[in-house]
Amino acid sequence: MIAEEVYDLVLDDLFIQLHQLVPGSSVFLKIEGLNPAGSVKLKTAVALVEEAEASGCRFPRTRLIESTSGNLGVALAMVCAAKGYSLTCVTDPNANPQTVRLMAALGAEVEVVTVRDGNGGFLQSRIDHIQERLRREPGLYWLNQYASPAGPQAHRQRTGRSVLDALGRVDYVFVGAGTTGTLMGCAEFFRRHSPATRIVAVDSVGSVTFGGPPARRHIPGLGTSRRPEILTESLVDEVVLVPEAEAVDMCRALARERGLLLGGSTGTVLSAVRSAAKRIPDGSVVAAISPDFGERYLETIYNDSWVAERWPGHH
């Protein structure tokens with residue numbers, strides 16, 4: 001494969017078998033971390049920037065800004081560097097330090113918002129900060145992954161399609177819900193092309209996305225402290241909420257037992273698969289999306305003292 005630009009190197013056909021999670025059925029984990037940006041968000045980033053281009057923004061005069069807990073920021077920084085565009089990433093203290101350094105290394109301006117919002121998270125604070133800057137700076141364009149249809153569209157056309165193409169028949173799809181772009185895109189695709197497939201949304205305990213009570217969360221990527229505009233709950237068959245400590249245990253177990261160093265969202269999704277195993281009929285085909293790998297979580301999920309400080313007894 002020879003690509004013209006770094007952001008064209010999206011590998012959309014990589015799966016690993018994890019059948020032991022649902023005895024009697026087949027479980028396939030779709031690996032999204034093996035592209036240059038290291039996460040599923042590279043597809044989102046390309047779509048968001050193309051939407052800005054199509055909207056008539058004049059580059060390089062227009063400066064782009066986005067709120068991100070990490071992976072989208074890295075992906076956007078990569079796309080913007082390749083296109084010669086200016087980018088500001090607005091993030092918060094939960095972002096992995098390595099991810100923040102990656103955004104800066106790729107030429108993005110990084111702003112860290114440290115004020116918690118009314119639900120105890122940082123998302124609304126990040127958005128308030130962006131809106132304040134938009135009022136002051138006329139040449140700024142907010143990509144807005146929470147409301148833009150471009151994100152779900154990218155995952156409808158690419159991620160959802162690639163799951164069905166690879167597996168042929170899919171009975172269950174487990175997708176983590178952060179901004180819900182990947183979830184909505186996959187759900188829209190399966191509703192249209194494989195309506196019998198059950199769409200299971202996976203979220204963290206403490207996230208308000210599906211109406212649960214807010215609580216402090218520590219792992220970036222999944223969950224929100226503010227409901228994303230692009231979410232259409234009617235496209236989802238089931239929602240599973242996973243405590244963060246369980247996700248951490250799953251990540252660490254897979255690293256030791258399978259040599260799979262996966263990110264926190266993947267641990268959350270696979271915890272949900274395991275907890276649903278008893279309800280899944282024998283012979284089912286189960287797909288789960290792994291948004292990223294674990295290297296960016298070495299200081300957090302894979303750090304004994306970080307884990308012990310937050311969940312005593314887990315290691």
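Student: Where is the place of Leu261?

Tutor: Leu261 sits in the loop between helix 7 (244–258) and helix 8 (264–276). Helices (H or I, at least four residues) and strands (E, at least two) are DSSP runs, numbered from the N terminus. This is a predicted model, in which local features need pLDDT of at least 70 and side-chain atom pairs count only at pLDDT 80 or more, while totals for chains, interfaces and linings use all residues. Residues are numbered from 1 along each chain as its sequence is written, and side-chain values use heavy atoms, with hydrogens and water left out.

Student: Why is Leu261 called partly exposed?

Tutor: Buried means under 20% relative accessible area, exposed means over 50%, and partly exposed lies in between (1.4 Å probe, protein chains only). Leu261 has a relative accessible area of 27%, so Leu261 is partly exposed.

Student: Why does Leu34 count as partly exposed?

Tutor: Leu34 has 46% relative accessibility and therefore counts as partly exposed. Leu34 lies in the loop between strand 2 (26–31) and helix 1 (41–54).

Student: How many disulfides does the structure hold?

Tutor: The structure holds 0 disulfides. A disulfide is a pair of cysteine sulfur atoms within 2.5 Å.

Student: Is Cys57 buried or exposed?

Tutor: Cys57 has a relative accessible area of 18%, so Cys57 is buried.

Student: What about Cys89: how far is its sulfur from the closest cysteine sulfur?

Tutor: That distance is 7.9 Å, to the sulfur in Cys80, and is therefore too far for a bond. Cys89 has 0% relative accessibility, so Cys89 counts as buried.

Student: How do you know that strand 4 and strand 5 pair, and in which sense do they run?

Tutor: Two strands pair if DSSP finds at least two bridges between them. Strand 4 (residues 86–91) and strand 5 (residues 109–112) are joined by 4 bridges and run parallel. From strand 4 the chain passes through helix 3 (residues 97–105) to strand 5, in a right-handed β-α-β crossover. Right-handed means that, with the strands pointing away from the viewer, the path from the first strand over the helix to the second runs clockwise.
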